[in-house]
Amino acid sequence: MYLVSLLPFWFLYLISDVLSFTLYYVTGYRRKVVEENLRNAFPEKSDTERKQIEKRYYKYLADLIVETIKLISISEEEAKRRMFTVNPEMVDHYFNQGKSILAATAHYGNWEMAALRFGLLTKEKRLIIYKPLSNKIFDDFFNKVRSRFGTTMISMKLALRKMVECKNDLSFSVFASDQTPVRHEANFFTTFLNQPTAVFLGIEKLGQIGDAVVVFYKIEVVKRGYYKSTIVPLFEDPKHTKPFEITEGHVKYLESVIREKPEYWLWSHRRWKVKPLDVH
């Protein structure tokens with residue numbers, strides 16, 4: 001994997017073109033899942049429109065795979081150039097107020113490059129709160145790549161304890177808000193992309209406990225291999241919000257991002273496998 005990561009981007013994209021064709025036409029990787037997700041999320045679109053999104057999605061997915069491999073050896077300078085941060089001054093803006101930052105983000109654009117780039121935004125504590133993969137080999141691989149530039153990876157189950165430990169220190173924490181809770185942890189449902197959707201309440205709880213500013217870490221695709229991230233303020237005073245207001249807020253913001261350019265979200269994920277009727 002390391003040797004492959006040393007290949008130039010232009011060569012990796014040749015591999016990606018072949019991989020995209022293979023995923024879509026040869027193996028049909030999770031095409032039924034993608035088709036169902038798109039049909040349920042965008043009933044107002046025609047079959048032709050959804051098919052176009054689907055094809056663009058597989059091109060993006062193949063790029064995401066080869067770009068993630070590239071992150072094994074990418075330099076800090078190259079990471080900054082390919083994941084441009086629009087407003088990094090927002091970090092110091094909140095830190096100078098003595099406020100920690102808690103960011104919701106999503107599996108959109110190249111979130112792996114964004115996670116790596118996140119480590120270069122500040123010298124204060126940088127935490128990524130994540131849901132561990134069931135495959136330990138892949139889990140260890142992704143954690144090693146994400147933490148190359150100084151970010152600390154924190155399992156969801158340990159997030160509250162870690163936030164309490166860091167309550168007297170400034171920190172910038174990121175939480176992937178579009179992950180699916182297991183059935184016994186699905187305590188809250190909202191409407192997301194036209195469907196009842198189980199959502200973790202972690203961002204809201206951690207923001208209120210730590211009185212951290214809640215933002216959205218927005219990722220956008222500029223062109224092939226180039227992205228930009230923006231720190232979007234959502235709730236600057238989380239302790240004075242209504243129940244579920246923060247959760248509804250970051251979910252609705254993510255939906256607006258996806259609707260603008262839907263092909264860059266992870267449609268092959270079984271996001272809606274937990275239904276309200278499954279929860280007792």
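Student: Where does Phe244 lie, and why is Phe244 called partly exposed?

Tutor: Phe244 lies in the loop between β9 (226–235) and α11; helices (H or I, at least four residues) and strands (E, at least two) are DSSP runs, numbered from the N terminus. Buried means under 20% relative accessible area, exposed over 50%, and partly exposed in between (1.4 Å probe, protein chains only). The relative accessible area of Phe244 is 37%, so Phe244 is partly exposed. Its phi, near 70°, is a positive value in a residue other than glycine.

Before we go on: this is a predicted model, where local features need pLDDT of at least 70, side-chain atom pairs count only at pLDDT 80 or more, and totals for chains, interfaces and linings use all residues. Residues are numbered from 1 along each chain as its sequence is written, and side-chain values use heavy atoms, with hydrogens and water left out.

Student: What makes Leu193 count as buried?

Tutor: Leu193 has 0% relative accessibility, which is under 20%, so Leu193 counts as buried. Leu193 sits in the loop between β6 (189–192) and β7 (195–198), and has a positive phi of about 50° although it is not a glycine.

Student: How do you know that Glu78 is buried?

Tutor: Glu78 has a relative accessible area of 18%; that is under 20%, so Glu78 is buried. Glu78 belongs to helix α5 (residues 76–82).

Student: What makes the pairing of the Glu78 and Arg82 side chains a polar contact?

Tutor: A polar contact is a pair of N or O atoms within 3.5 Å; within protein, one must be able to donate a hydrogen and the other to accept it, and residues adjacent in sequence count only if both atoms are side-chain atoms. The two side chains come to 2.8 Å, so the distance meets that limit.

Student: Why does Asn87 count as buried?

Tutor: Asn87 has 12% relative accessibility, again under 20%, so Asn87 counts as buried. Asn87 is placed in the loop between β1 (83–85) and α6 (89–95).

Student: Why is helix α7 called mostly covered?

Tutor: In α7 (residues 111–118), eight of its eight residues are buried, including Trp111, Leu116 and Phe118. At the start of α7, a side-chain oxygen of Asn110 reaches to within 3.2 Å of the backbone nitrogen of Glu112.
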